[in-house]
Amino acid sequence: MSLFERLKADNLDDWQAYTRHSFVKQLATGELPEHAFRTYLQQDYLFLIHFSRAYALAVYKSPRLSDMRNALEGLKAIMDVEMDLHVELCAGWGISRDELETLPEASETMAYTRFVLETGLRGDLLDLQVALAPCILGYGEIARENALAKPAGPAADAYRRWLDEYGGNDYQSVAQDFSSWTDQTAEIYMTEARFAALSEIFNQASRLEADFWQMGLKA
Ligand SMILES: Cc1ncc(CN)c(N)n1
């Protein structure tokens, strides 16, 4: 069993509260109010900036050259692929680059991103990867679970596009590679005594992901 599968099994309720959140369910049916998705898009830009910083920290925390290369590939995937698609999606919603650059940061964005960065700063690469796992692997799972969804309504195309982006081969292989890379790090750093602390990090990050959806809904 991969470390991710173990962490998920240990935190199933919180994991599903995140991956099956009503934001996700409404996005899949198309019932999600447009202002909720717009708020999500805006804050996710800020999230991706900090998430890139967390990957840069993973380069620094890497014990081996091969880990550095994995972290660098992840950083490039966010900055050159996920971020570009995100900015394009925002443009389709009338959110300009200038607006993105000057957005006020919501406390949910701040709480989540700083938690991940702080976990990486005080810990080793495995702590950081476990803090990043709900983000990378959760979106992959959400897109797979909703692969057959047919959103209806005025924002149907944007919601389908979002699902396709994370369900596509590129993102799915980023997620698969990340899970394998985490297992390789676990071979160096993991001990049974450490599992409870890692599970706590995973739990906290999963709950912060659910809060991020909720921030969109309450907008
Ligand atoms: C909040 C959040 N979590 C995860 C992802 C997917 N990388 C994202 N774009 N935004």
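Helices here are DSSP runs of H or I with at least four residues, strands are runs of E with at least two, and both are numbered from the N terminus. The structure is a predicted model, in which local features need pLDDT of at least 70, side-chain atom pairs count only at pLDDT 80 or more, and totals for chains, interfaces and linings use all residues. Residues are numbered from 1 along each chain as its sequence is written.

H1 covers residues 3-10, and its buried residues are Leu 3, Phe 4, Leu 7 and Lys 8. Seen down the axis of H1, these residues fall within an arc of 135 degrees, so they line one face of the helix. The arc is that of the directions from the helix axis to the C-beta atoms. An α-helix has 3.6 residues a turn, so residues three or four places apart point the same way. The face of H1 turned away from the buried side carries the exposed residues Glu 5 and Ala 9. A residue counts as buried if 20 or more other C-beta atoms lie within 10 Å of its own, as exposed if 12 or fewer do, and as partly exposed in between; C-beta atoms are placed from the backbone.

The chain as a whole comes to eleven helices and zero strands. Its radius of gyration is 17 Å, close to the 17 Å that the globule rule gives for 219 residues, so the chain is as compact as a globular protein of that length. The radius is taken over C-alpha atoms, and the rule is 2.2 Å times the number of residues to the power 0.38. Along its principal axes the C-alpha trace spans about 50 × 35 × 30 Å. Buried residues make up 40% of the 219 residues. Among contacts between residues at least 6 apart in sequence, 82% join residues at least 24 apart. Two residues are in contact if their C-beta atoms, placed from the backbone, lie within 7 Å.

Confidence was also examined. The mean pLDDT of the chain is 97, and 100% of its residues reach 70 or more. pLDDT is the predictor's confidence in each residue, from 0 to 100. The predictor gives the complex an ipTM of 0.98 and a pTM of 0.97.

An unreviewed UniProt entry places the feature "domain: Thiaminase-2/PQQC" at residues 15-218. UniProt positions are given in the numbering used here, feature names are shortened, and annotations may be inferred rather than shown by experiment. Over residues 15-218 the chain is 82% helix and 0% strand. The end C-alpha atoms of this stretch are 21 Å apart.

The largest nonpolar core has 58 residues. Such a core is a set of buried Ala, Val, Leu, Ile, Met, Phe, Trp, Tyr and Cys residues joined through C-beta atoms within 7 Å. Its largest share, 13 residues, comes from H8. The residues with the most contacts inside the core are Ala 54, Val 130, Leu 132, Ala 133 and Ile 136. Leu 132 touches Ala 54 and Val 116, not counting residues up to four places away in sequence.

Trp 213 is found in helix H11. Trp 213 is buried, with 21 other C-beta atoms within 10 Å. Leaving aside neighbours within four places in sequence, Trp 213 is in contact with His 21, Phe 23 and Val 24. Ala 197 is also found in H11. With 12 C-beta neighbours inside 10 Å, Ala 197 counts as exposed. Ala 197 and Asp 127 are 70 residues apart in sequence and 8.9 Å apart in space, C-alpha to C-alpha.

Ile 188 lies in helix H10. Ile 188 is exposed, with 12 other C-beta atoms within 10 Å. The C-alpha atoms of Ile 188 and Pro 63 are separated by 9.3 Å, although the two are 125 residues apart along the chain. Asp 84 is found in helix H5 (residues 65-92). Asp 84 is exposed, with 11 other C-beta atoms within 10 Å. Asp 84 and Ala 111 are 27 residues apart in sequence and 24 Å apart in space, C-alpha to C-alpha.
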